[in-house]
Structures are given as C-alpha cells and as structure tokens.
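Me: Please take a close look at one part of this model, beginning with a single residue and its backbone. Then set that part in its surroundings in one connected account.

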Amino acid sequence: MKVKDGINMGNEKLWDVLIIGSGPAGLSAAVYAKRANLEVLVAEKEYHGTGQIAESDCVDNYLGFPSINGYDLGEAFRNHAVQLGVPFFDGMAQRFVPEGQCWRIYFADSSSIQAKTVIYCAGAAHRHLGVEGEEAFIGKGVSYCAVCDGAFYRGKEAAVIGGGDTALGDALYLADLCEKVYLVHRRDEFRGSALTVQQLKDKENVEIITGTTPEKITGGQNVTALELKSGRKLPVNGAFIAVGMVPQTQCLQGVVDLDKTGYIIADETGITSAPGFFAAGDVRTKALRQVVTAVSDGANAAVAAAEYLKH
C-alpha cells in the first residue's frame, strides 16, 4: 500500500472530484464541490501554491477587496478551502486515462489517483519571445514577473516588452523603482487600458517605444542591453517579458478537444468533449482571463460536475 502526503495511494479511495490546480479557479471549485458534499481532492504541483495571483503586487478589481496584495488574496482563497476540510495533494499530473466511467490520473512520481470526475484548472504559463539571449539570461536579467523581481532593479534601467494590461502594469510598477523604464511594443496601439497608457505617458522616467520588437538580449554575467530590430540598443539591466500566456494543456493532447492555440474548448459550464472532464480558469477558451472569471469558472465547473455525478 502506497501512501503519499496522507493520501492512500494503494487500494485507493475513489474520489468524486479531482481538481488539478489550486489557483482561484481550482480553489473555488473545491469550495463548491465540498459544500455539495462531494469527496473532493485538490492536486497542485507547487507546494502550497495559489496560482499566478500570488505574483500580483496589488489586485484592485476583485469585488469587495480593493487594493489587496495578490498573495494575501490567494491565501484567503486557500484558507477558505482548508477550513471546509478540503484535502490537498502535492504532485504534477502528467497523464489522464479513462477507466470505465471514471478517470485514472498519473503523476510525475508514478503515483496515480482515481476519480469519477476531473476539473482541470492548471492555468497558463508565460510565453517566451524566442530571441537570442533570452533563455541564457533567465534569472540574470530576464524576468517574466515584474512584481517578483522588480526590487532587484531599483535605481537601474529596465525594459518591459508587451502591449497588454500585464505589460502596462509591469511598466507602471517598475517606474516607481527604476531610474528609467522602456516600454517596447510591436504595434503602434496598445491592447491594454488606455488609462494606464496615459499614466505611463505622464511618467518622466518612462519611454514608450512602438513599432518594433526585440532582436537580441546581450550582456556578460548579467543583462546589459536589449537590441531592437529598429537598430536601437537599450542600455538596460533587466528585460521584463509580458507577451501573453501559454495554456498548460500539453498533457491533454488526445484527451479533450483543444483550440488551435491549445486552450480547452469549453463554455462557462466547464463541460469538455470528454465525459466527466471539466475545465475552469485561464486554461479554457474565453474572452476575459481575470481572477473574477476564474472564480466563476470554478464554481460553474463544480456545479456541472455535481450534476454529472447525479446521473
């Protein structure tokens, strides 16, 4: 009999719901599933993880919690689930195999869990630029989280690459830390908030560069410059990349239907092409990926799973 983290892995328990991921979507699903009196287990690859929300210095658009630190909000979500008695399992899910009317989920350490339904909430990862020097300088000047690493560049010069709300927010955050911030975007217009763009324009230490893209990141032991395709060379110590996300669905090829960009095809109910398999949060097809929509997704998916189990 194999036991891991208090979970019986031999002669194993058959769970009603196995939730993959403990970000806002997964924790919301856990709360709703537990309150529906279902046997629910949350599997998370990062110890005590609460998803990307933990990387946000300030969340100012979640109803009822103005200007709250993202880590604190994530902890509040997790504590809610813990107080209801939701158990957690540390492990990275790698393979999903239908077994009759149930699912068997295999993890990186070769252990497995059996569940009647799965709610997949693994989210998305940062997209890379794919330019020369990027991979070599990760952790040495290249970062994908300004809130996580911005303090290391206090009083220095940094560049932010991207044109969405994340990039704009990163540039605004870094402007209060760095001597100079360059915001580089391939288009002439930004996809993010017009208000934030104006705030950046009002910052004396922010320079907005549009119509070009990075070509190369250079340096010695650490980053010293960002070379642009326009021919300009920016003397920066840090390059913060915010060009979108990649859904964590590599392990779902052939399991459920995905769109051309890899997101799980599912509506607000979370129902996918595979019976008993649900999706919630940033990993599914939808227009808006925010904390509030992730929480809503988790609730909807848990309700849909409960209905599925009834029948």
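**From an exposed loop residue to the cores and sheets**

Reply: Asparagine 37 counts as exposed because its relative accessibility is 70%, where exposed means over 50% relative accessible area, buried under 20% and partly exposed in between, with a 1.4 Å probe and protein chains only. The model is predicted: local features need pLDDT of at least 70 and side-chain atom pairs count only at pLDDT 80 or more, whereas totals for chains, interfaces and linings use all residues. Residues are numbered from 1 along each chain as its sequence is written, and side-chain values use heavy atoms, with hydrogens and water left out.

Asparagine 37 is placed in the loop between helix H1 (24–35) and strand S4 (40–44); helices (H or I, at least four residues) and strands (E, at least two) are DSSP runs numbered from the N terminus. The phi of asparagine 37 is near 65 degrees, a positive value in a residue other than glycine. Serine 67, also not a glycine, has a positive phi of about 55 degrees. Serine 67 belongs to the loop between S4 and helix H2 (70–83).

A nonpolar core is a set of buried Ala, Val, Leu, Ile, Met, Phe, Trp, Tyr and Cys residues joined through side-chain atoms within 4.5 Å. Of the 32 residues in this core, Ile19, Tyr62, Leu73, Phe77, Val86, Ile119 and Val291 touch the most other members. H6 supplies eight residues, the largest share of this core. Neighbours within four places in sequence aside, leucine 73 is in contact (heavy atoms within 4.5 Å) with Ile53, Val59, Tyr62, Phe65, Ile68 and Val291. A second, separate core of 24 residues includes Leu41, Ala93, Ile113 and Ile264.

Aromatic rings form a further set of links. The structure holds nine aromatic pairs, in which rings of Phe, Tyr and Trp (its six-membered ring) have centres within 6.5 Å, planes under 30 degrees apart counting as stacked, over 60 as edge-to-face and the rest as tilted. The ring centres of phenylalanine 89 and phenylalanine 107 are 4.8 Å apart and their planes stand at 70 degrees, so this pair is edge-to-face. Because phenylalanine 89 lies in strand S5 (residues 88–90) and phenylalanine 107 in strand S7 (residues 102–107), the pair ties together parts that are 18 residues apart in sequence. Phenylalanine 89 and phenylalanine 107 are both buried. Phenylalanine 96 and tyrosine 120 also form an edge-to-face pair, at 5.7 Å centre to centre and 75 degrees between the planes. Phenylalanine 96 is in strand S6 (residues 93–99) and tyrosine 120 in strand S8 (residues 112–120), so their pair ties together parts 24 residues apart in sequence. Both phenylalanine 96 and tyrosine 120 are buried, and Phe96, Trp103, Tyr120 and Phe277 form one aromatic cluster.

Arginine 78 lies over the face of phenylalanine 88 at 4.0 Å from the ring centre, and the charged end of arginine 289 is over the ring of tyrosine 263, 3.9 Å from its centre.

In one, five strands form an open sheet with parallel pairing and the order S10-S17-S11-S12-S13; two strands pair if DSSP finds at least two bridges between them. Strand S10 (142–143) and strand S13 (206–210) are at the edges with a single partner strand each, so one side of each is left without a neighbour in the sheet. Strand S11 (residues 157–161) runs parallel to strand S17 (residues 238–241) and is joined to it by four bridges, with valine 160 having phenylalanine 240 in S17 as its bridge partner.

In the other, three strands form an open sheet in the order S14-S15-S16, with antiparallel pairing. S14 and S16 are its edge strands, each pairing on one side only. Five bridges join strand S14 (residues 214–219) to strand S15 (residues 223–228), and a hairpin of three residues connects these strands, S14 and S15. Threonine 218 stands opposite alanine 225 in S15, and isoleucine 217 opposite leucine 226. Leucine 226 has leucine 234 as its bridge partner in S16. In the hairpin of S15 and S16, with four residues between the strands, glycine 231 takes a positive phi near 100 degrees.

Key:
A charge sits over a ring if NZ of Lys or CZ of Arg is within 6 Å of the ring centre and within 35 degrees of the ring normal.
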